Amino acid sequence: MQKFANPARFLKLAETLLPPIWGVTILAFAAGLYMSLVTAPPDYQQGETVRIMFVHVPAAWMALMVYTSMAAASVMAAIFRHPLADMAAKAAAPIGAMFCLLALITGSLWGKPMWGAWWVWDARLTSVFVLLLLYLGYMAVWQAIEDPHRAALIARIVAIAGFINVPIVKFSVDWWNSLHQGASVFRMGGPTIDARMLWPLLIMALAYTLLFVGLLLIAMRSEIAQRKLRQLRLAGIEGR
Amino acid sequence: MKLIWALIRRDLTLATRQGGGAGTAIGFFVTVIVLLPLGLGPDQALLQRIAPGALWIALLLSVLLSAERIFQADYEDGSLDAMALGVVPLELVVLAKAMAHWLTTSLPLAVVAPLFGFLINLDPQDILPLWLAMILGSIFLSLLAALGAAITVALRRGGLLVSLLILPFYVPCLIFGVAASRASELVQPSLLILTALVLASFVLVPVAAAAALRAYLK
């Protein structure tokens, strides 16, 4: 881990990793979308609407996963002072916010025909909405504080404090009487979902994860470039 | 311990001599409550149904609006640097300041809030549970407000950012606070969860807020 504290080394790694990541991402999306839209059977109750799930569920997983990795990177930054950890957390936030938004939008598209309402205020939906607000708050901290070192210190605290919402989102369907269905994949006693639906779902999840990694590497690369630019600008002002 | 008392007493004295602490917050609270029937229409049954929730939301907003002042003046005139260098750990300074904020703003608000419930036709049998829940929950609100204030202490327009950052954390307090404010079998478990929230924030908030203050004092 400490080896990649050197941005130049990290950039080289990103350079070599990105093409294969994009390749596999495209393949996984092609396979996952084909399986989920064509070969997966329609649900016996929901009919064809169930296909929204293949977009919705992995997006929701990613929203949680990205926030978790953001908090983990913040802990890493606080303990080991890894110089890229803050950047990784900063770069991950907008991507996670987009996944979160995608989960909310596809969820409400599904909710209208199934529940008869675009939005209901139950525990799962509300806690995911709070997750989106936490993403936005985290991004606002980086925006509001000019000095990047100070912003990093404050953003860490915000990210770690907000992590408390992640288990609440995950277990909201168990703790409260929610309209949202309970867990059917990651649960004690194994998945209860049919294999013909589970496989496309898992492949879509893989595609989303790779998409996240690819976007994260690009965002971190541009973040490093931005810092360099800022340094050069400051040096230019001082040199005048 | 004596030093912590001194810190709390200092803030209390400052708040009473400067004025505009609890009084302004209560004024804001009443204004929000008065605006509600104007916006929603004077339907008594509707107002009775939403009264506990409306009072809670007004309480959250009033506490948040006064949050900015918790550390700002002390940061600007350098007292906070002196406190950070003193013998009392910064974590306890945060706790003392949060308690002073509670005593000067949140507690008076929570005490008088149910009285203003009459303006929006609060059910009389809800008054006692609402009172209990608000006094308990206001400790949590003040602690979290202190965290928000610490995170934005040096920012010129931190007020909006405090709201964006802290309101999501107020959600559990709002949910269980409102659940505890209606005379029903939900009162007791909700009060227990509110107590858990208060105790957890008592431990975690000072650590996080002190870390944020240190980042600014560097």
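Reader: What share of the 240 residues of chain A counts as buried?

Author: A residue is called buried if 20 or more other C-beta atoms lie within 10 Å of its own, exposed if 12 or fewer do, and partly exposed in between, with the C-beta atoms placed from the backbone. By that count, 34% of the 240 residues of chain A are buried, and of the 218 residues of chain B, 46% are buried. Please keep in mind that this is a predicted model, in which local features need pLDDT of at least 70 and side-chain atom pairs count only at pLDDT 80 or more, while totals for chains, interfaces and linings use all residues. Residues are numbered from 1 along each chain as its sequence is written, and chains are lettered from A and ligands numbered from 1 in the order in which they are written.

Reader: Where in chain A is confidence lowest, and where is it highest?

Author: The score to read is pLDDT, the predictor's confidence in each residue, from 0 to 100. Chain A averages 87, and 96% of its residues score at least 70. Within chain A, confidence is lowest in helix H6 (residues 165-175), at a mean of 81, and highest in H2, at 92.

Reader: How many helices and strands are there in chain A?

Author: Helices (H or I, at least four residues) and strands (E, at least two) are DSSP runs, numbered from the N terminus. Chain A has seven helices and zero strands, whereas the secondary structure of chain B comes to nine helices and zero strands. For chain B the radius of gyration, taken over C-alpha atoms, is 18 Å, close to the 17 Å that the globule rule (2.2 Å times the number of residues to the power 0.38) gives for 218 residues, so chain B is as compact as a globular protein of that length. Along its principal axes, the C-alpha trace of chain B spans about 55 × 35 × 30 Å, and that of chain A about 70 × 35 × 30 Å.

Reader: Is A:Arg150 buried, exposed or partly exposed, and what is it in contact with?

Author: A:Arg150 is found in helix H5 of chain A, and it counts as partly exposed because it has 15 C-beta neighbours inside 10 Å. Two residues are in contact if their C-beta atoms, placed from the backbone, lie within 7 Å. Leaving aside neighbours within four places in sequence, A:Arg150 is in contact with A:Ile145, B:Ala215 and B:Tyr216.

Reader: How many residues does each chain bring to the contact?

Author: Chain B gives twelve residues and chain A gives 14 residues. On the side of chain B that touches chain A, the elements that give two or more residues are helix H8 (158-180) and helix H9 (187-217) of chain B. By class, that side has twelve nonpolar, no polar and no charged residues, where Ala, Val, Leu, Ile, Met, Phe, Trp, Tyr, Cys and Pro count as nonpolar, Asp, Glu, Lys and Arg as charged, and the others, Gly among them, as polar.

Reader: Which residues touch the most other members of the largest nonpolar core?

Author: A nonpolar core is a set of buried Ala, Val, Leu, Ile, Met, Phe, Trp, Tyr and Cys residues joined through C-beta atoms within 7 Å. The largest one has 134 residues, of which A:Ala63, B:Leu59, B:Ala146, B:Ala150 and B:Ala212 touch the most other members. Helix H2 (residues 52-80) of chain A gives the most to this core, with 16 residues. Apart from its neighbours within four places in sequence, B:Leu59 is in contact with B:Phe29, B:Leu109, B:Ala110, B:Ala113 and B:Met134.

Reader: What is the phi of A:Arg81, and where is this residue found?

Author: A:Arg81 has a positive phi of about 55° although it is not a glycine, and it is found in the loop between H2 and helix H3 (83-115) of chain A. A:Arg81 is exposed, with 11 other C-beta atoms within 10 Å.
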